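I opened this model to look up how its chain is laid out and what lies inside it. My notes follow in the order in which I looked.

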Amino acid sequence: MATREWDRSNELMPPKVLLVDNDKPFLELYQELLSQHLSCMPEVKTASSATRALAMLAAEAFELVIADLDMPKMDGLQFTSIVRGKYPQARLVVLTGVRDEQFRNRAYAMGVDQYWIKPESTQELGLLLEAMESMLKPDAKGGFRGVQSKGLMDIIQLECLSQNSCILKVTHGVVE
């Protein structure tokens, strides 16, 4: 299977997003939310299994892959590992209901760009959509994406994984 590179030089082409979750009502809802509430008007496709998602990734390039962790047969961590290895150009986000710090740490260690708990409020949903919007911007090549919604531990983990050095100054709970 050959990987395909996407060409963002033509800014008229909308970015492609692949949403992976075995919960079909969730897929339908978030496909609509991402398609209609992001200013970049992404083309959002869905897959209800990790196996189906891998087949779709082999057939076409996606700028952003958003995946759940709790899926049958092949779980989200296995899927994440395969995607990161075969499609390193894709931005990778975990969007899950799994509230487990070990899963979060393993996902970051595998190279996910962001780890989100499925939103339970309008404010959380707004933060998620804002972060996805920033990840789909053509100029979003480096640095931290979606930092405004991350805790200090997440920022430190991202810094460690980025293999870059910087100084984080925390004053009264605010990262400067």
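The entries below go from the whole chain to single side chains.

**Ground rules.** I am working with a predicted model, in which local features need pLDDT of at least 70 and side-chain atom pairs count only at pLDDT 80 or more, while totals for chains, interfaces and linings use all residues. Residues are numbered from 1 along each chain as its sequence is written, and side-chain values use heavy atoms, with hydrogens and water left out.

**Layout.** I looked up the helices (DSSP runs of H or I, at least four residues) and strands (runs of E, at least two), both numbered from the N terminus, and found 6 helices and 7 strands. Along the sequence they follow the pattern β-α-β-α-β-α-β-α-β-α-α-β-β. Taking a contact as heavy atoms within 4.5 Å, I note that 61% of the contacts with a separation of 6 or more join residues 24 or more positions apart.

**Burial.** I call a residue buried under 20% relative accessible area, exposed over 50% and partly exposed in between, with a 1.4 Å probe and protein chains only; by this rule 44% of the 176 residues are buried.

**Cores.** I then searched for nonpolar cores, meaning sets of buried Ala, Val, Leu, Ile, Met, Phe, Trp, Tyr and Cys residues joined through side-chain atoms within 4.5 Å. The largest has 27 residues, and among those with the most contacts inside it are Leu 18, Val 20, Phe 79 and Tyr 115. Elements that each supply at least two residues of this core include strand 1 (16-20), helix 3 (76-86) and helix 4 (101-109), while helix 2 gives the largest share, 5 residues. A second, separate core of 21 residues includes Val 17, Leu 19, Trp 116 and Met 132.

**Helix 4.** Which residues of helix 4 are buried? I find Arg 104, Ala 107 and Tyr 108, and they lie on the same side of helix 4 because they cover an arc of only 95 degrees around the axis, taken from the directions from the helix axis to the C-beta atoms. The face turned away from that buried side carries the exposed residues Gln 102 and Ala 109.

**Rings.** For aromatic pairs I required ring centres of Phe, Tyr and Trp (its six-membered ring) within 6.5 Å, with planes under 30 degrees apart as stacked, over 60 as edge-to-face and the rest as tilted; the whole structure has 2 such pairs. Tyr 108 and Tyr 115 have ring centres 6.5 Å apart and planes at 45 degrees, so I list the pair as tilted. Tyr 108 counts as buried at 1% relative accessibility, and Tyr 115 counts as buried at 1% too.
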